[in-house]
Amino acid sequence: MKKQILKYSLIFLTLLFSFFAWLSVDQAVNNPESSNWLVPVIWFSLFFIILALSIVLIKETYVLTGLLAVSFLSSFIFVFNGWHFLPVVLSLLLAYLAMARIKNDLKLNVKIDLWKTIRRGRMLLIISLAIIITSQYYFGVKDFKASALIPQLKPGDIANGLASRIISTINPGIKISEDKDMTVDQFILQTQKMNDQKNAGISVDKEIDKIVAEKFGDTASPSRLDEIKKEYAKNMEEPDGRNMILEEGRKQLSEIAGRELAGEEKISEVISEMINSKITNFLGVSMDNPKKVPLIPIALAIIIFLTVISLGSFLSPLWMLLSALIFTILAKTKIIQIKKVPVEMEIIE
C-alpha cells in the first residue's frame, strides 16, 4: 500500500512541478521587464529532484515513459507553435536515454549509491530540459518588437551608474549620481567651470579663439581681434557670456544626441537616449518591427540554452544531494525497503 501511495505521489508531484516549471518560463518570457528567472530556477530544481526520484523508485517502464512524455508535452500549454514538437521529441529521446542509464546503473550496483546512479543520467536530463526551455523561450519572443528584446537603458539606471562612468571620463570632478536632476545647461556650466579651474584659463582662451574665428574670420585686423578677445573674455563672466557658453555647449550635445536640445532636459535622459540610439544603429534594426531582427531571438535563445546548461551543471550536485537525502529519509521511515539478495556475477581470475 505504501509503495502505491509513493508511486502515485511521485507521479502527481512530477506533473505538478513540470506544469509550474513551464508556467514560470512563460511568465519570465512575457514579462521581460522583471528579468526574474529565479522562480523558474526554483521550479526546475524541484522538477529535476522529483523526476530523478521517480526514475529510481518507479519500476514500471511504461509508467515512466508516459510520465516523461506528459511532463515534457505539457509545455505545449504555453507554446502555440507546431515546430515546438521537434525540440520536445529530441528532449524526450535524451530523457529516455538518461532513464535507461539510471536504471542500468541500479541493476549493476552491488550497493545502492543514489548519487552515482543519478549522476549517470543527470547531464542528459539537464540538456533535455534546456532544449525545451530554449524552444519555449524562442517561440515566445520571436515575434516581439526589437525594443522588447534589445536591452534599453533607462534614465534611472543611467543616473545610478553608467552616466557617472561616462561623464567621469569627460570630467572626473562631476558626480551625476549626486544630482540625478542635473540639466543639460547645468552640466555644461559645471563642466566649463571645472575645465577653467583645471586648465587655468587655457580652455576659456581656446573657446574665445574659436568663437571669434567663427564670427569674424579674417575680416578683422590682428589688433582688432585682440580687442574682441579681451571683450569676450570680460563678457564671459556676465550673463551674455554665459549664454554664449551654453549656446555652444547645447550645439555640441545636440549633434551628439541627434536632436535639438533646449537645455532644460536632464543630462541622464540625454545620455540614455544617446546610448540606446548607438545600440540600435549598431545592430541596424527597427525597434518597432520584429521582422527585421530575426537573428536577435535566435542569439538570445542560444544564450538561454548555454546559461541553462551552465546553471544546471552548477546546481545539479545540490539536486542530487537532495534526491539522495529524500531517498534516505524514505528508507529510514520504511516507506521503501532495501533488500540484499545473492547475485551471480562474472569475475576474472
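This is a predicted model: local features need pLDDT of at least 70, side-chain atom pairs count only at pLDDT 80 or more; totals for chains, interfaces and linings use all residues.
Residues are numbered from 1 along each chain as its sequence is written, and side-chain values use heavy atoms, with hydrogens and water left out.

I then looked up the helices and strands, which are DSSP runs numbered from the N terminus (helices H or I, at least four residues; strands E, at least two), and found 13 helices and zero strands.

Next I turned to burial, where buried means under 20% relative accessible area, exposed over 50% and partly exposed in between, with a 1.4 Å probe and protein chains only; buried residues make up 42% of the 349 residues.

I looked for nonpolar cores (sets of buried Ala, Val, Leu, Ile, Met, Phe, Trp, Tyr and Cys residues joined through side-chain atoms within 4.5 Å). The largest has 58 residues, and Trp22, Phe44, Phe47, Leu57 and Phe72 have the most contacts inside it. Its largest share, 12 residues, comes from helix 5.

Finally I checked Phe76, which sits in the loop between helix 3 (61-73) and helix 4 (85-108). Phe76 counts as partly exposed because its relative accessibility is 24%. Leaving aside neighbours within four places in sequence, I found Phe76 in contact with Asn81, His84, Phe85 and Val88. Phe76 and Trp22 are 54 residues apart in sequence, but 8.9 Å apart in space, C-alpha to C-alpha.

Conventions:
Contact means heavy atoms within 4.5 Å.
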